[in-house]
Structure formats: C-alpha cells, structure tokens
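Here are some exercises to work through with the model open beside you. Try each task before reading its solution.

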Amino acid sequence: MILVCVTDQESCDRLIYAGKQLAHNEAENLKVICVRPRSEERWLASDEMEHLFNTAKELQAEMLVFFSDYPADTVAKYIKLHPVKYILVGEPPEMENSVFISTIETQCPEIPIITLNHTGNLHLVPVSQEFAEY
C-alpha cells in the first residue's frame with residue numbers, strides 16, 4: 001500500500017494525485033491519512049476536507065481521518081498495523097527539522113519516505129545516519 005499523509009489544506013490534493021501515480025506504478029493500493037487535532041474531533045466538515053475526500057474518492061482511494069495531538073505517532077501506529085510499502089508526504093521547508101518525518105523514520109525505519117516538493121518532483125528521503133549503520 002502507498003500511504004499519503006495530508007493535512008486539512010485543499011492543496012494537499014496534489015499529494016493524492018502523486019500517490020495515485022506511485023500506486024499505479026508499484027501496483028499497490030492507495031490510502032490517504034489525515035490526523036487532525038483532538039480539539040477538532042467534533043468538527044470534521046470543512047470545504048477543504050470535503051475536497052480531499054472527493055479527490056480520494058475520485059481516485060478510488062480510501063481516506064482515513066484520525067484525531068490526535070501527536071500526528072506522527074498516530075501515523076506510525078497505523079503503519080505498524082498495515083502493509084505500507086511507501087509513505088508520501090509534502091516536502092517540509094527544512095527537511096532536517098521535520099519532527100513529522102524524523103518521528104516516522106525513527107518508529108518505522110524500514111518504510112521508505114518519499115516527499116513531493118512544490119514543483120511536483122518526488123524525492124526519496126535519505127536514510128538517517130542513525131539508521132544507515134544497521
């Protein structure tokens with residue numbers, strides 16, 4: 001499975017489209033995951049979320065929404081319970097300071113992380129030196 005991690009921003013649809021292409025190339029299923037703060041647990045409906053749900057549906061992908069104040073831990077827990085082949089995320093402004101990516105990398109070092117930059121290019125996140133020795 002290809003797991004695409006999105007926020008509640010409408011522009012995350014580009015991640016879903018890129019994930020669909022990757023899933024097609026790898027002959028894998030596509031799932032989309034969004035982790036929202038617990039404070040928003042009673043409020044799921046927004047134009048942005050509806051747009052992302054519709055994009056996922058259009059591309060025959062299941063979209064999952066979890067509520068947690070620890071998004072990376074929540075995604076890592078999901079990954080450990082499911083057969084994820086690749087994780088696709090948006091490229092952060094400063095890769096080396098991404099708490100989300102470093103947490104996923106620490107908790108799920110065997111799963112490659114791919115980023116999508118603002119120009120639409122995919123990049124494999126280099127394995128951290130900490131894990132390269134294993």
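**Exercise 1.** Which residues gather in a patch of negative charge on the surface?

*Solution.* Start with the ground rules: this is a predicted model, where local features need pLDDT of at least 70, side-chain atom pairs count only at pLDDT 80 or more, and totals for chains, interfaces and linings use all residues. Residues are numbered from 1 along each chain as its sequence is written, and side-chain values use heavy atoms, leaving out hydrogens and water. Now the patch: Glu 10, Asp 47, Glu 48 and Glu 50 form it (members have over 30% relative accessible area, by Shrake-Rupley with a 1.4 Å probe, and no salt bridge, with like charges joined within 9 Å). Glu 50 lies in helix 2, residues 47-58 (a DSSP run of H or I, at least four residues; strands are runs of E, at least two).

**Exercise 2.** Find the strand order of the open sheet.

*Solution.* Its six strands run 3-2-1-4-5-6, with mixed pairing (two strands pair if DSSP finds at least two bridges between them). At the edges are strand 3 (62-67) and strand 6 (122-124), each pairing on one side only. Next, look at strand 1 (residues 2-6) and strand 2 (residues 30-36), which are parallel over five bridges. There, Cys 5 has Ile 33 of strand 2 as bridge partner.

**Exercise 3.** Which residue forms a salt bridge with Asp 8?

*Solution.* Arg 36 does, with the closest N and O atoms 3.4 Å apart (the criterion is a Lys or Arg side-chain nitrogen within 4 Å of an Asp or Glu carboxyl oxygen). The partners are 28 residues apart: Asp 8 in the loop between strand 1 and helix 1 (13-26), Arg 36 in strand 2.

Notes. Patch = residues over 30% accessible without salt bridge, like charges linked within 9 Å, V, L, I, M, F, W, Y side chains within 5 Å. Lys, Arg positive; Asp, Glu negative; His and termini not counted. Charge placed at Lys NZ, Arg CZ, Asp CG, Glu CD.
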